[in-house]
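Morning, everyone. Please look at the model on the screen while I go through a few of its features.

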Amino acid sequence: MTETDEAELRDLIPRLRRFARALTHDSTAADDLVQASLERAVSRWKSRHEAGSLQA
C-alpha cells in the first residue's frame with residue numbers, strides 16, 4: 001500500500017462512518033463496522049483491482 005492509497009482510504013473514513021451509522025443507527029456499532037471493514041480491506045489489499053475506485 002502506497003502513501004497515496006493510505007491517504008485515499010483515510011479520506012473515505014467519514015463517508016464509511018456515515019454509511020455505517022445509517023445501517024446500524026448506533027455510533028458504537030457503526031465504528032465497529034467501519035473498523036472491521038477497513039481491517040478486511042487492508043488485509044486483502046494486494047488482491048484488489050488497480051483500476052477500481054476505492055469508493056466502490
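One term before the rest: contact means heavy atoms within 4.5 Å. Another is the helix, which here is a DSSP run of H or I with at least four residues, numbered from the N terminus. This is a predicted model, where local features need pLDDT of at least 70 and side-chain atom pairs count only at pLDDT 80 or more, while totals for chains, interfaces and linings use all residues. Residues are numbered from 1 along each chain as its sequence is written, and side-chain values use heavy atoms, with hydrogens and water left out.

I will start with helix H1. H1 has 22 residues and spans 31 Å from its first C-alpha to its last. The expected figure is 32 Å, taken as 1.5 Å times one less than the number of residues. At Ile13, H1 bends by about 35°, and Pro14 follows within four residues. That bend is the angle between axes fitted to the seven residues ending there and the seven starting there. After H1 comes His25, with a positive phi near 60°.

Which residues of H1 are buried? They are Asp5, Leu9, Leu12 and Ala20. Buried means under 20% relative accessible area, exposed over 50%, and partly exposed in between, with a 1.4 Å probe and protein chains only. H2 is included in what covers the buried residues of H1.

Now the charged pairs. Side chains of opposite charge can pair when their charged atoms come close. There are two salt bridges in the structure, a salt bridge being a side-chain nitrogen of Lys or Arg within 4 Å of a carboxyl oxygen of Asp or Glu. One joins Glu6 and Arg10, with the closest N and O atoms 3.7 Å apart. These two are four residues apart in H1, residues 3-24, so about one helical turn separates them. Glu6 is partly exposed, at 35% relative accessible area.

The other joins Asp31 and Arg17, at 2.7 Å from N to O. Asp31 is in H2, residues 27-43, and Arg17 is in H1, so this pair ties together parts 14 residues apart in sequence. Both ends are partly exposed: Asp31 at 33% relative accessibility, and Arg17 at 41%.

Asp32 sits in H2 and is partly exposed at 48%. Between Asp32 and Ala20 there are 9.0 Å, C-alpha to C-alpha, and the two are twelve residues apart in sequence. Leu33 also belongs to H2, and its relative accessible area of 35% makes it partly exposed.
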